[in-house]
Amino acid sequence: VDAEGTRVFALEAQAGTTEFAPGVASETWGFDGGYLGPTLVADRGERVRVDLTNSLDEATTVHWHGMHLPAAMDGGPHQMIAPGGSFAPEWIVDQPAATLWYHPHPHGETESHVAKGLAGMFLLHDDAERSLGLPEEYGVDDIPVIVQDAGFSAEGVREDTQRGYAGGLGDELLVNGTRGPYLDISTELVRLRLLNASPARTYAFAWSDGRPVELIGTDGGLLEASVALDQVRLSPGERAEVLLRVAPGERVVLQSRMTAEIAGLEPVVASMNGGVDAFDVLEVRAGDELAPAASVPARLATIEDFDPAEVVTTRTFELGDSFEINGEAMDMDRIDETVTVDTLERWVVENSNAVPHSFHVHDVQFRIATIDGAAPPPELAGWKDTIFAEPETSYELLMRFDDYADPSTPYMYHCHLLWHEDQGMMGQFAVV
Ligand code: C2O
Ligand code: CU
Ligand code: CU
């Protein structure tokens, strides 16, 4: 924290090497080192600044996924940082406690920059969340779980993955950049912050012994109450906070067990999508003596409902079958939608394809009002910034654009399957 009270972070995008297998180096990119980047942590109400340096030999950006902030600070494709250049975005954190993340957003190159290793978490805390007594000791009982798929040669050198229609799919998983990971824990209760930072793969996270997944938070913050689920489905860019309770000495494995049904896909489409693959994600090993945990209150948050009667503008976004939205591919020089500041909007996202997409909106957290006309299930009823868009399904989203009018700098909305985004499945909106 500097003299003016600003919390200052520094991130340097660098090329380097990482040993995913002992003694075998792979070429990677990372922030401040080999692969991925540090977890940034800030409080609601704090002013933050990130001093970014680009030491790569190509231009990149750093986008703050899920963050409410001015468009000029958003790190989208208009805020490129040249090789050797720097950028110092600054804003005031003004949203609930949440698990956010950061990653590059150069138009046409996002998949490759993220897959090379440029990504990290950005955690927000607030007083309401602190008062719940949830696990919050970072690395002890509050654990980042960044899940990515990747390809490796027989020797253990990271390789480019094969691209299906969803994008690059790897046949191995990394958690926080580690192959075959395990987690030793010393507390009865742990909070796992799951982030799907994969370019294309969608996961269905479940516990190996069949215990329910206790979901407490989604992209933009805590749910009103926890939800017990058979599995948590996360498409690229989505996050979930889950609680895990363990007994001394217990071992349990976080797995991904995707099925066509969970993916909402026809079986043939699902297999093309890698959508039926099963993985062990992370083995959790509880110690023989565990620190006791406080009990977690039943009510976690109060989420104010948007009143549909206050909607000022309704827009429709049709996800097309050739990487288009409303029939058009991304054009950096075209602003597709102009939003009036301080209004509530309804965005209707229609996937009329036989294949899944996703939909992510910058700057705001939205609520899913309906899915094909019905209320969303409890796990999709909280704050979201990214949704998995099942084939032939329509999503009605409500979102409020409170502030930060800037007619000259747009925000993005796009499919978060990164190859689709790179192909132009993205549009721009300005808040005026
Ligand atoms: Cu996670 Cu527009 O990005
Ligand atoms: Cu984003
Ligand atoms: Cu897509």
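1. The protein chain holds 5 helices and 33 strands; these are DSSP runs numbered from the N terminus, with helices (H or I) of at least four residues and strands (E) of at least two. This is a predicted model, in which local features need pLDDT of at least 70 and side-chain atom pairs count only at pLDDT 80 or more, while totals for chains, interfaces and linings use all residues. Residues are numbered from 1 along each chain as its sequence is written, and chains are lettered from A and ligands numbered from 1 in the order in which they are written.

2. The C-alpha trace spans about 60 × 60 × 50 Å along its principal axes. Of the 432 residues, 47% are buried, meaning that 20 or more other C-beta atoms, placed from the backbone, lie within 10 Å of the residue's own.

3. Three domains divide the chain: domain 1 (7–129), domain 2 (142–291) and domain 3 (308–431), with bounds from an automatic or database domain assignment. The C-alpha centres of domain 1 and domain 2 are 22 Å apart. Between these two, 23 residues of domain 1 are in contact with 24 residues of domain 2 (C-beta atoms, placed from the backbone, within 7 Å). On the domain 1 side, β1 (7–21), β2 (24–31), β8 (98–103) and α1 (110–115) each give two or more residues.

4. Now for β1, which has two partners worth a look. With β2, β1 pairs in the antiparallel sense over 8 bridges (strands pair if DSSP finds at least two bridges between them), and Thr-17 has Glu-27 as its bridge partner. The hairpin of β1 and β2 has 2 residues between the strands, and Gly-23 there takes a positive phi near 75 degrees.

5. β5 and β8 run antiparallel, joined by 3 bridges, and Trp-64 stands opposite Tyr-102 in β8.

Methods: A residue is buried if 20 or more other C-beta atoms lie within 10 Å of its own, exposed if 12 or fewer, and partly exposed in between; C-beta atoms are placed from the backbone.
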